[in-house]
Amino acid sequence: MATETLAHEHHAPAISPARRFAMNRMGLWLFILSDAFFFAGIFVSRFYLWGATRPHLDQVLGMTVTIVLLVSSYFMYRAEMAIRHDDRGDYLRSILITILLGVAFMGGVVGFEWRTSPVNLRTEGEFAVYGAILFFMTGMHAFHVLTGVILLAILAYRGYKGHFSSRNYWAVQAGAIYWHFVDVVWVFFYPALYLMGTAVGPTH
Amino acid sequence: MPTWLRIVLGFLIGAVLGAAVFVGVRAVGGLPPLADDLRPLYAMAVFSGLVGLMLGIDRQLGLPRGLVGMATGFVVGILATVGIRSLMGLTPWDTESVWVVASFVAPIGFLLGVGALSDWLRWIVGIHTPDQHGPPPGKPGWFRYFGFDQNHKVIGIQYTVTGILLMGIAGTLAMIFRTELLAPGMQFLKPDTFNTFISMHGIVMIASILLGVGGMANYLVPLMLGANDMAFPRLNGFAFWITVPSAILIIMAIFFGGWDTGWTGYAPLSVRTFMGVNFFMIGMFFFGFSSILGSANLIVTTLKMRAPGMTLFRMPIFVWAVLATSFIQLTATQFIGLSFLMVVLERNLGMGFFNTALGGDPLLFQHLFWFYSHPAVYIFILPGLGIVSELLPVFSRKPLFGYRWIALSSMAIALLGFMVWAHHMFTAGIPNALRLPFMYTTMLVAVPTGVKFFSWLGTVWRGKLFFPTPMLFVLASIAVFLIGGLTGPPLATVPTDLHLHDSYFVVGHFHATMFGGFVFPFFAALYYWFPKITGRMYNERLGQIHFALQTTGFYIMSLTMARTGLLGMRRRIADYDPAMNIQNLHIIMTLAGFAIFIGVLIGVYNLVVSARRGEVAVMNPWGSRSPEWQIPSPVPEHNYEEPFEVVGNPYDYGLPGTAYVRMNGHEKTTAPAALPAH
């Protein structure tokens, strides 16, 4: 009896893998719920400050980066399904395409939109806040895309090492859920920045 | 080498290194190595000396390693900013931007140093790390409390002790500025210092309350649910350790001019004031990570790790309260992070969110800020009210009156908390159309709160009451929270609020809610679970003295505050007109404040001394039905040897033959309370 007690003191009863999986999923969704509130706050700030107006932005660029990000979500889904069918080749291919599309999105937003938009952090006067909100919304979103890309790079590396399989794909699924979430945020941000309201302020 | 020599050497080496780094960083920034004011240099030397001292005691200690990591983070952040600025063709050294970037890097350095990220970093490259069980091999028992640990009880104690330390700092600041207010005119504080002290008193108290809530929740929730630990033990440790660099950042603000906005940090003042405001805001930003991740952890634990038979409506009422609190913390915290981030960005990058000249709007800050900070007060009070509901049946030997209503009233308060934020802005120039709905939603909060009061009365009614220290504190909580509750409606009603806004009446109101909703229940919980945590009893006589000082002191203080407010004293003001005839009231408030301060000191002394020398406690001194009292004290490493089963209602005290849990094959019927002899 004494040895048994000792054993119990040092080894907590293990949690079954299925339960661990359910707990992990719930934890992730709670994190995403929380993060959604952050983006909701930014979203509300945009309507508080811009109302029914928006800055003049490059419509072609906005549409392009949006399509790029949406397509990346397809490849993320494909990567998750591939690893759930133990298809490592397709997994690696799809996840690398996702990473490339994510980088292309960031390049489009930070590399092009930030350089070419008629409002930016140097805008003076009453339209300065258009630059501020534009950079804040796209910047915070791009930061999440960046963390997503880092996460996907880790997943790609570990997939390459053969750490994932149809029985062990939680990390991939978590990465996929996060990536889709960041994508969905952009689905709200894109119309709020590019489509809704009357375009005002400086032009190109 | 003998230990004492290592400690002395550690201190000396640390102090010299700290001073050298200080001078070196200034030199890199192109400043003269020694400033006119040498106090920051001395502070740095003493601080790093203490780090060295701790490393001298044991090189593996997590806390000093984290502090070294934090200092390294500062240096790296400063050097990186200087480098980037010179690459961009700007002047290399800009004090504010250099320190802002460094403040974002430093907490990461701390977490790396303390070891909070080690396991996760290994997971990235696919190395499996086992869960940690028990203290590190070959180290004394106290060792694990000063470093990264995964056990929820260790983390709970870390939260609680850090919370009490911060409470001490914030309370000391309060005593200083209350002494200043003894007479009209400025006595010994400069107005800016006074403003910094009131701001810091507010925010450090809030941090301490969040830590206290985290401490109670972390220690008790897994125990009450019958879980062996939290759902995510590493995340739990991370959530605690990120609060330490955050608190350090907030306190560091003192060395950078402080800030004078009060704890609310309203724009546009926060955009224009001293640069210390950056440290406060970035510190709170990182503190938010603890709230968010800790509450996600608690929610998953509560929903997924309950003992067999424990349906939601058989959970202990404290767990309900923590669940409600966690949902607020999980979501609303994002908004204070957001609003503070926007202020830091406006200060440093000129993004004019809150500047009307740039198209912004300062009211936006208030909306974002209060969307967190009003629900936040329910974060502070709900666990405390849960403690009151938890302990009252034990000391009344009667079932909790209206269990389901109490459980759901916490949820209702949490939900309503999201719909009342603009009542802080009645005088800020919001449209009239917004004032009325917010007045009514605010009044609605009185309904679920009233449910709680009604239940407490129903519980003690015709009970067999007995009055050890925890029960005294529970009764005081109710009495004090009642002042907070009754002073609420005049502030919720628009016409009276226009008169009372920003007066000492408000100060009296929220101190009563915070004391009744957190401080008194927190001490009740500390005394009540003290024998469970330490295996020893506290000193009953000292507990009673603590209770008497704190309760009478507080009653006098908060009622006098409310009265002074009605007579026209504004909050956050360093001086008052002698013609207002309120000096006597200020003297009363200050003396009452000192009574509370001394009472708390006695309480802490009692707990510290009793933890080592108190008489050994019996297993279940209060005759509680709760599962944690059916196992030995202190609780074994993994709580329950065998999972228990819930077979009844938690609070059926006084109903013969009923049991809440079946453990090791025995139904644990209510045991009589074994009171310590006085």
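Where does B:Ile127 lie in chain B? I looked this up and found B:Ile127 in the loop between α5 and α6 (152-180) of chain B, where helices (H or I, at least four residues) and strands (E, at least two) are DSSP runs numbered from the N terminus.

Notes on the model. I am working with a predicted model, in which local features need pLDDT of at least 70 and side-chain atom pairs count only at pLDDT 80 or more, while totals for chains, interfaces and linings use all residues. Residues are numbered from 1 along each chain as its sequence is written, chains are lettered from A and ligands numbered from 1 in the order in which they are written, and side-chain values use heavy atoms, with hydrogens and water left out.

Entry on the nonpolar patch. I noted that B:Ile127 belongs to a nonpolar surface patch together with A:Tyr157, B:Ile108, B:Leu112, B:Leu121, B:Ile124 and B:Val125, with about 580 Å² of accessible area together (Shrake-Rupley method, 1.4 Å probe, with only the protein chains shown counting as cover for residues). Patch residues have over 30% relative accessible area and no salt bridge, like charges being joined within 9 Å and nonpolar side chains (Val, Leu, Ile, Met, Phe, Trp, Tyr) within 5 Å. In chain B, α4 (95-114) and α5 (118-124) each supply at least two residues of this patch. B:Ile127 counts as partly exposed because its relative accessibility is 44%, the classes being buried under 20%, exposed over 50% and partly exposed in between (1.4 Å probe, protein chains only).

Entry on salt bridges. I found 13 salt bridges over all chains, each being a side-chain nitrogen of Lys or Arg within 4 Å of a carboxyl oxygen of Asp or Glu.

Which residue forms a salt bridge with B:Arg122? The partner is B:Asp119, with the closest N and O atoms 3.4 Å apart, and both residues lie in helix α5 of chain B, 3 residues apart, about one turn of the helix. B:Arg122 is partly exposed at 39% relative accessible area, whereas B:Asp119 counts as buried at 14%.

I then followed B:Asp119 to B:Arg234, whose side chain meets that of B:Asp119 in a salt bridge (2.7 Å, N to O). This pair links distant parts of the chain, from helix α5 to helix α8 (residues 233-241) of chain B, 115 residues apart. B:Arg234 is buried, with a relative accessible area of 8%.

Last, I looked up the salt bridge of B:Glu667 with B:Arg662, whose closest N and O atoms are 3.3 Å apart. B:Glu667 is partly exposed at 42%, and B:Arg662 counts as partly exposed at 31%. Elsewhere, salt bridges that share partners join B:Asp119, B:Arg122, B:Asp131 and B:Arg234 into one network.
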